[in-house]
Each structure stands twice: as structure tokens, then as C-alpha cells.
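Colleague: Could you take me closely through one part of this model, namely the packing in its interior, and keep the cut-offs in view as you go?

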Amino acid sequence: MKQILSVFMKRLAIALALATLMIGSLLFVRGEGMLIGALLLGYLAALVFVWNMAWRLWRLTYVRDGGKRQMFWGMALRMLVLFLVLLVAVTISVPVFLVTALGFLVCYGLALFLFIHMNLGKK
């Protein structure tokens, strides 16, 4: 599992760097370069999601009892983190909320794509 996660993190870091370069350059061209922080906040929220999901799945491989409850609490924690991050973003401004949500969707989408792609054996 450690080998898969290290390869996964390297690929995710490269994909996020490229996505940040593309989205960041678009924001700078539009004169909204100050929204890069909101994009990174969305990435951070998505990385909390991915880390929590991977950690709970890793724990479930060792623990046989209470798997359902473990996954339920993980989902509740992830939803709470997302709610709090987006609530803070929307109280700042609507553009910050939109860029934060975009950052979350990009990072989480890339992570799920890589999980699926690596799970299918195309390492």
C-alpha cells in the first residue's frame, strides 16, 4: 500500500502543478491573481478528503470489525470539512467561493481518476 500511495502522490502532485499552472495563468490574465489562495484552499480541502479516505481504507485492511461505522464517520468528517471550507469561502465573496469550489473539484477529480486508473492495473 505504501508503494502505491507514494506513486499516487507523485502523480497527483504533478497533475496538480499542471492544473495550477493552467488555472493560475487564466486567473492572472483576467486580473484576478489574488484568487490563487482560494484555489489552493480548494486543493487543501480536497487533499484532506483524499488523505482521510486513503487512511480509513488502509485501517480497514487491518481491522475487520466496525468497518461500516469507520466509513460512516470518515464520510461525516469529510462532509464537515467541506462545509466549513466552503462556508468560509462564501462569507468572503462569491468569486472566492467559486474558485475554491473549482480547486476542490479539480483536485478531488484528479485524485479519483488516479485512484481508479491505478486500481485498474495501468501503473
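Modeller: A polar contact and the nonpolar core

The side chain of arginine 78 makes a polar contact with the side chain of asparagine 52, at 3.1 Å; a polar contact here is a pair of N or O atoms within 3.5 Å, where within protein one must be able to donate a hydrogen and the other to accept it, and where residues adjacent in sequence count only if both atoms are side-chain atoms. This is a predicted model, in which local features need pLDDT of at least 70 and side-chain atom pairs count only at pLDDT 80 or more, while totals for chains, interfaces and linings use all residues. Residues are numbered from 1 along each chain as its sequence is written, and side-chain values use heavy atoms, with hydrogens and water left out.

Arginine 78 is found in helix H3 (helices are DSSP runs of H or I with at least four residues, numbered from the N terminus), and arginine 78 is buried, with a relative accessible area of 10%, buried meaning under 20% with a 1.4 Å probe and protein chains only. Leaving aside neighbours within four places in sequence, arginine 78 is in contact (heavy atoms within 4.5 Å) with Phe49, Asn52 and Met53.

Phe49 is also among the residues touched by phenylalanine 104, which is one of those with the most contacts inside the largest nonpolar core, a set of 30 residues; such a core joins buried Ala, Val, Leu, Ile, Met, Phe, Trp, Tyr and Cys residues through side-chain atoms within 4.5 Å. The largest share of this core, ten residues, comes from H4.

Technical notes: Buried means under 20% relative accessible area, exposed over 50%, partly exposed in between (1.4 Å probe, protein chains only). Helices (H or I, at least four residues) and strands (E, at least two) are DSSP runs, numbered from the N terminus.
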